[in-house]
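Work through the exercises below with the sequence and the structure open beside you, and try each task before reading its solution.

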Amino acid sequence: MRVDLITREYPPEVYGGAGVHVSELVRALRLDIDVVVRAFGKQRNEAQVFSYEVPPGLAKANPTLATLGVDLEIAQDVAGADLVHSHTWYANAAGHLAQLLHGIPHVVTAHSLEPLRPWKTEQLGGGYRISSWIERGAFTAADAVIAVSHGMRHDILRSYPALDEAKVFVVHNGIDLESWHPVEDDALLRVLGIDPDRPTVVFVGRITRQKGLPYLLRAAALLPEEVQLVLCAGAPDTAEIMAEVRTGVAELQRTRTGVVWIEEMLSRHDLSAVLTAATTFVCPSIYEPLGIVNLEAMACGAAVVGTATGGIPEVIDDGVTGRLVPIAQAQDGTGTPLDPERFIADLAWTLTEVVSDPQSARRMGEAGRIRAARDFGWDRISKRTQEIYRSLL
């Protein structure tokens, strides 16, 4: 069986959880089956990996049209595959077109949903209507849709009610515990501006509306003064959200010490050291299908505080591996807290509770690593994915 897997992100061009998922899934699948990767970006030096750049004539087009240009070239090259598997709307059109052109099954993995990210109009303008059209068409016609959490499956069926429930499967994201593990490196922390002796809250994520960073910045102002906040945050969706975060960080730094903002992408070793140093990791997202970064933090032995939304409650065992922060949200697709002040206060209170009891936080971190190994190994995820493939052939 030859599977052509289509993705926007693939090493070394990885900036989010979908790219991490794809790279790890490919490595696990290749132990058993033939996988050809077709990825956006510059040429890569890896066997069975083919890269595609935006056609020159579309270099200045709306990003969605540029994406379609790449997808057209990929769809043509899928000839000879037994099955095509696309990840995110960027790749969905290529998968859908390959399905039609070559008469092969198309599997879609949903890492997020366009109807639940309306703020993308800030980034794409009218292109958001095109990305939504691409996703809707691909999901509707797909032979199987994989959700990365039960929460995501619920959102898929809510967003696309015409879908047959029987073809929507749940296969969680995973974590490689050989690559992600505790790293003690106080010297590195000091180079990064982090005090290893202070209680520390760590955030890791892209600067996008869904990650809830502006809410965290306001909650951080309510934390005990000895608590250090470390933000590993970059790759902003828009200049506007970057400006909002920059203003929030500056205001916080004027009122307290220990606010560290690391904008560049850290190596895995360095990020593992930062996560290991966390008294608690925080995921304040208002939209999160699963949150692979939560698994990375757990693998490094950090207790995790996360919003009780999307797939996060399927990762955090509340009171055992971390804590869940309640949130009442608008159902208009934005995920906006109905009572933002309450959400901010609850987030601050929960973080304070965890960092104020480092022994309990350490026990939660130890339990989190055990849970990550038990429930989120890539071998299990690969096996389940192959079962879905074979059911379609």
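**Exercise 1: the second largest cavity**

Sort the residues that line the second largest cavity into nonpolar, polar and charged.

Solution. The lining of the second largest cavity divides into two nonpolar, three polar and four charged residues. To check this in the model, which is a predicted one, begin with the residues themselves, which are Trp119, Lys120, Glu122, Gln123, Thr208, Arg209, Asp237, Thr238 and Ile241. Trp and Ile count as nonpolar, whereas Lys, Glu, Arg and Asp count as charged.

**Exercise 2: the largest cavity**

Find which residues line the largest cavity, and say which elements give two or more residues to that lining.

Solution. A search of the whole structure finds three cavities of 30 Å³ or more, and about 50 Å³ of space lies in the largest cavity. Its lining is made up of Thr88, Trp89, Asn92, Thr109, Ala110, His111, Ser112, Glu114, Arg117, Glu135 and Phe139. Two or more of the lining residues come from each of α3 (89–102), β5 (106–110) and α5. Sorted by class, the lining of the largest cavity holds three nonpolar, five polar and three charged residues.

**Exercise 3: two helices in contact**

Decide how helix α2 and helix α5 are oriented to each other, and name the residues through which they meet.

Solution. Start from the geometry: helix α2 (residues 63–77) and helix α5 (residues 127–141) pack at an angle of about 40 degrees, and their axes are 8 Å apart. Because angles under 35 degrees count as roughly parallel and those of 65 to 115 as roughly perpendicular, α2 and α5 are oblique to each other. On the α2 side the contact involves Thr64, Leu65 and Leu68, which meet Gly127, Ile130, Ser131 and Ile134 in α5. Of the residues in this contact, four are nonpolar, three are polar and none is charged.

**Exercise 4: the second largest pocket**

Work out which helix supplies the largest share of the lining of the second largest pocket.

Solution. The second largest pocket has a volume of about 510 Å³, and of its 26 lining residues those closest to the centre are Thr276, Ala277, Ala278, Thr279 and Arg362. At least two lining residues are supplied by each of α7 (186–191), α10 (268–277) and α13 (358–375), and the largest share, four residues, comes from α13. By class, the lining of this pocket has 14 nonpolar, four polar and eight charged residues.

Note on methods: Residues numbered from 1 in each chain as written. Predicted model: local features only at pLDDT ≥ 70, side-chain atom pairs only at ≥ 80, totals over all residues. Heavy atoms only, no water. Axes fitted to C-alpha atoms, helices over the stretch in contact; angles between N-to-C directions. Parallel < 35°, antiparallel > 145°, perpendicular 65-115°, else oblique. Contact = heavy atoms within 4.5 Å. 1 Å grid on protein atoms, 1.4 Å probe; cavity = no way out; pocket = protein on both sides within 12 Å on 5 of 7 lines; lining within 4 Å. Points joined across faces, edges and corners; volume = space filled by probe spheres on them.
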